[in-house]
Amino acid sequence: MESGLGVPSLGLELPPFLIALNLLVTRTCKMDWRSLGSALLFPVQMLYYLLKAGARLLLPTRLRDLSADVVLITGGGRGIGRHLALEFAKQGAKKVILWGRTEKCLKETCETIRGMGTECNYFLCDVGNREEVYQQAKVLREKVGDVTILVNNAAVVHGRSLMDSDDDALLKTQHINTLGQFWTTKAFLPRMLELQNGHVVCINSVLSLSAIPGAIDYCTSKAASFAFMESLTLGLLSCPGVSTTTVLPFHTNTEMFQGMKVRFPNLFPPLKPETVARRTVEAVRTNTAILYLPWTMHVLIFLKSFLPQQALEEIHKFSGSYTAMNTFKGRT
């Protein structure tokens, strides 16, 4: 008799490691040549992409020409969104479209961009409202044309602990920061795929990967947003001409997070919104998938991968992020 693994059975049970070894040998023998070739090629591919990434750091990269692009920026009336609109116009975008909820801010930004010589339009739209997004997307296509670069920037923060948070405020954050990206991307991605020309950008936050107390609504929504972009990016691998960029900035000096403080502001200064905007547009033009701002955020993510929880807690306390939201009085 045989044991079922192709090994004669003598009435004795084989040790687990011999069973595992036998299975490995059996499956390797059954592996077809195509699978074997793929397995052998895999490390070579990894080495190639590592070398390619290293070369991009040293050699000039070909930049995307924005002269034919129609750029839509949600939350484009103020903060980072306003600076993104100005930067896209400065770097040659054909048209800049602004979405937001405050007409005064949208109108002022729109007039500034028109003064730069770039065509600009704005539409009132709450991205947290699915029906409104789909309706305004239809109006936009009819009046302006196809969007080729979508920048999901709109976001809100409640800035409270879980027990101090109002339920409606918690829902508002999730609807705008997370679900809003579902609706806008579903509205514009199909046409990008047809044209084989498009770019989806998410202005996220490093808090999506390293949360802090006092902003549980924001951190949760941004973590979900990061997962959304990661899944979307992988789903577009076989779609030529359509790419994504996820931007993960540190605390940025806008009214949205006004009052937020870290312990060593000279060592960890807040980012300027114009810097985030400039680096974001550069990332789009170089087709960079993920952008950490500043580069030192790579260190934080690396430390989180192996440090014990107690050590991470001490880092939060030492840096002041543990109490950073205690003085928060920003815009919700």
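A: Let's start with Thr118, which is buried because its relative accessible area is 9%, and buried means under 20% (exposed is over 50%, partly exposed anything in between, using a 1.4 Å probe and protein chains only). You'll find Thr118 in the loop between H4 and strand S3 (119–124). Those labels come from DSSP runs, with helices being H or I runs of at least four residues, strands being E runs of at least two, and both numbered from the N terminus. Leaving aside residues up to four places away in sequence, Thr118 touches Ala89, Ala93, Lys94, Val96 and Ile113, where a contact is a pair of heavy atoms within 4.5 Å.

A quick word on what you're looking at. This is a predicted model, where local features need pLDDT of at least 70 and side-chain atom pairs count only at pLDDT 80 or more, while totals for chains, interfaces and linings use all residues. Numbering starts from 1 along each chain as its sequence is written, and side-chain values use heavy atoms, with hydrogens and water left out.

Now step back from that loop. The protein has ten helices and seven strands, and 41% of its 332 residues count as buried. If you take contacts between residues at least 6 apart in sequence, 71% of them join residues at least 24 apart.

(The expected span is 1.5 Å times one less than the number of residues.) The buried residues of H7 are Asp217, Tyr218, Cys219, Ser221, Lys222, Ser225, Phe226, Phe228, Met229 and Leu232. As a rule, an α-helix has 3.6 residues a turn, so residues three or four places apart point the same way. What do the buried residues of H7 pack against? Their partners are helix H6 (167–195), strand S5 (198–203) and strand S6 (242–249).

Searching the whole structure turns up one cavity of 30 Å³ or more, and the largest cavity has a volume of about 60 Å³. On a 1 Å grid over the protein atoms alone, a cavity is a set of points where a 1.4 Å probe fits but cannot get out, a pocket is an open set with protein on both sides within 12 Å along at least five of seven lines, and lining residues have an atom within 4 Å of a point. Points are joined across faces, edges and corners, and a volume is the space filled by probe spheres set on the points. Lys222 is among the residues lining the largest cavity, including also Thr74, Asn152, Ile176 and Gln181. H6 gives the largest share of that lining, four residues.

Two or more lining residues each come from helix H2 (33–58), H7, S6, helix H8 (273–285) and strand S7 (290–293). H2 gives the largest share, seven. That lining divides into 25 nonpolar, 13 polar and eight charged residues (nonpolar is Ala, Val, Leu, Ile, Met, Phe, Trp, Tyr, Cys and Pro, charged is Asp, Glu, Lys and Arg, and the others, Gly among them, are polar).

The second largest pocket has a volume of about 1000 Å³. Of its 49 lining residues, Ser205, Pro249, Phe250, His251 and Thr252 are closest to its centre. H7 turns up here too, supplying at least two lining residues, as do helix H3 (79–90), helix H4 (103–115), helix H9 (297–304) and helix H10 (309–319).

Finally, some backbone details. Asn287 is partly exposed because its relative accessibility is 41%. Gln196, in the loop between H6 and S5, has a positive phi too, near 55 degrees. A cis peptide bond joins Leu293 and Pro294, with omega about -10 degrees, and Pro294 lies in the loop between S7 and H9.
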